[in-house]
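Dear colleague,

Please find below the structure that I am handing over to you. My notes on what was found in it follow directly after.

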Amino acid sequence: MATSATVKAAAAGLEDVVTGPSEITDVNGKTGQLIYRGYDIHDLVENTTFEEVVYLLWYGTLPTRAALDGFAETIRSCYHLPQALVESLKRYPKDADPMDVLRTAVSELSFYDPDKQSPVDDRTANLRRAARLQGQIAAIVGAWAQIRQGKEPVKADPSLSFAGNVYYRLLGKRPEKLEERAIDAALILHADHELNASTFAARVTAATLADMYAAIVSAIGTLSGPLHGGANTAVMEMLLEMKKEGEEPGPFIKKALAGKRKIMGFGHRVYKAEDPRATHLRRMSEELGNKYKTPQWFEMSRRIEETMKAEKNLLPNVDFYSASTYYVMGIPTDLYTPLFAVSRLSGWAAHLLEQYAHNRLIRPRAEYVGPRELRVTPIDQRR
Ligand code: ACO
């Protein structure tokens with residue numbers, strides 16, 4: 001049975017469906033290439049900072065020194081949260097899932113939007129909103145890391161970079177060079193990824209002319225699932241489970257695969273070659289594991305990678321080595337996905353700016369395969 005209109009069903013999960021043009025990010029799954037605004041991710045991660053990449057995503061070009069100074073200052077000026085939101089955070093249950101906290105807190109932020117009176121598609125107002133959200137999303141995650149332990153949020157240090165402040169507010173101590181660089185690189189690597197599920201959700205919401213806050217809340221909810229951003233936390237839980245059970249990675253993975261279990265951090269809808277983000281995270285996991293004299297997490301991960309290649313020909317995605325990288329730095333496991341959101345806010349905002357600039361309602365069709373021509377039986381006669 002077909003839908004009443006003549007429409008052709010797309011592949012399950014919209015695989016390989018191209019919904020329209022975008023100037024932001026290109027992913028070449030065959031060659032394992034990722035490009036932001038024309039620049040290869042390897043070049044960006046080696047030669048820029050997260051602040052430069054955010055500017056690139058939103059404005060389309062890399063900033064000059066003067067433009068970067070002004071932009072970084074704008075983001076810095078958005079590091080604080082409205083006091084009413086901090087009070088709300090203090091009332092949330094201390095054991096709440098941090099992604100639920102983040103979704104709720106960003107939604108609350110919309111009450112305090114100073115641009116509330118501007119049209120939702122006003123680019124200048126949206127650039128201000130995006131800068132505020134970029135600073136505030138990091139502030140929320142940092143504040144929650146402290147508040148749930150019964151502590152006051154750590155005040156941002158204006159002398160630190162964005163990445164440095166992320167680390168400082170999460171862990172309450174200033175980062176050394178290697179940690180700051182690792183967080184900065186992780187933020188760059190997670191910043192955007194074309195029409196991944198959360199970005200698509202954000203664009204669908206914005207296409208109804210709902211505001212940026214509504215779209216970001218949709219995106220955060222979508223990112224939280226284990227098939228998307230939630231995978232990084234799930235990877236670490238798997239490594240910890242393996243250690244607790246005293247199991248070797250090879251047999252553990254083979255047994256899990258035999259039980260039809262999905263191994264988190266492997267496989268990708270688009271990449272069939274190595275995910276270029278995993279290349280950097282693998283190196284960081286090794287480097288930091290050595291620094292902290294806890295190389296076992298990297299070594300276990302390497303053996304899992306070898307087993308997955310041999311058994312399923314599946315490669316690690318961005319979430320696999322980020323787990324051990326964050327773990328050895330002492331970042332709590334359930335904050336990995338919120339940290340992903342802190343970075344991806346930049347990509348979501350870039351896509352929202354693009355969506356509002358060329359908007360058309362996103363409203364696909366379903367292929368109706370249910371029954372037809374049924375007649376209503378009076379309620380008391382139904383069985
Ligand atoms: N472990 C075991 N088998 C897997 C895995 C995995 N991680 N990934 C894919 N497969 C298998 C599937 O079981 C399926 O096998 P089958 O054809 O025999 O049934 C085949 O590979 C194709 O997998 P699909 O799930 O259909 O691929 P899809 O493109 O729909 O999904 C996804 C991609 C969701 C990333 C998938 O690979 C997965 O679930 N991975 C684990 C979760 C994960 O790491 N998510 C993060 C992705 S990156 C990101 O979002 C930031």
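Helices (H or I, at least four residues) and strands (E, at least two) are DSSP runs, and they are numbered from the N terminus. This is a predicted model, in which local features need pLDDT of at least 70 and side-chain atom pairs count only at pLDDT 80 or more, while totals for chains, interfaces and linings use all residues. Residues are numbered from 1 along each chain as its sequence is written, and side-chain values use heavy atoms, with hydrogens and water left out.

**Residues that meet across the chain**

Alanine 219 is found in helix 10. Is alanine 219 buried or exposed? Alanine 219 counts as buried because its relative accessible area is 0%; buried means under 20% relative accessible area, exposed means over 50%, and partly exposed is in between (1.4 Å probe, protein chains only). Between the C-alpha atoms of alanine 219 and tryptophan 348 there are 7.7 Å, although the two residues stand 129 residues apart along the chain.

Aspartate 97 belongs to the loop between helix 4 and helix 5 (98–109). With a relative accessibility of 41%, aspartate 97 is partly exposed.

Arginine 65 is part of helix 3 (residues 65–76). A relative accessible area of 64% makes arginine 65 exposed. Arginine 65 and glutamate 52 are 13 residues apart along the chain, and 9.6 Å separate their C-alpha atoms.

**Loops on either side of helix 9**

The loop between helix 8 and helix 9 holds asparagine 196. Asparagine 196 is buried, at 12% relative accessible area. From C-alpha to C-alpha, asparagine 196 and threonine 222 are 9.8 Å apart in space, and they are 26 residues apart in sequence.

Glutamate 194 has its place in the loop between helix 8 (177–190) and helix 9 (197–206). What is phi of glutamate 194? The angle is near 55 degrees, a positive value in a residue other than glycine. Glutamate 194 is partly exposed, at 30% relative accessibility.

Leucine 209 lies in the loop between helix 9 and helix 10 (212–223). Here too phi is positive in a residue other than glycine, with a value near 70 degrees. The relative accessibility of leucine 209 is 42%, so this residue counts as partly exposed.

**The ligand**

Which residues come nearest to the ligand? Of the 20 residues around the ligand, they are His228, Lys262, Ile263, Gly265 and Arg269; a residue is near a molecule if one of its heavy atoms lies within 4 Å of it. By class, this shell has 11 nonpolar, 5 polar and 4 charged residues. Ala, Val, Leu, Ile, Met, Phe, Trp, Tyr, Cys and Pro count as nonpolar, Asp, Glu, Lys and Arg as charged, and the others, Gly among them, as polar.

- In lysine 262, a side-chain N or O atom is 2.5 Å from a ligand oxygen.
- In glycine 265, a backbone N or O atom is 2.8 Å from a ligand oxygen.
- In asparagine 317, a side-chain N or O atom is 2.9 Å from a ligand oxygen.

On its own, the ligand has 900 Å² of accessible area, and the protein covers 65% of this. Accessible areas come from the Shrake-Rupley method with a 1.4 Å probe; for residues, only the protein chains shown count as cover. The elements that give two or more residues to the shell around the ligand are helix 14 (296–312) and helix 15 (318–329).

Definitions and conventions
Polar contact = N/O pair within 3.5 Å; in protein donor to acceptor, adjacent residues only side chain to side chain.
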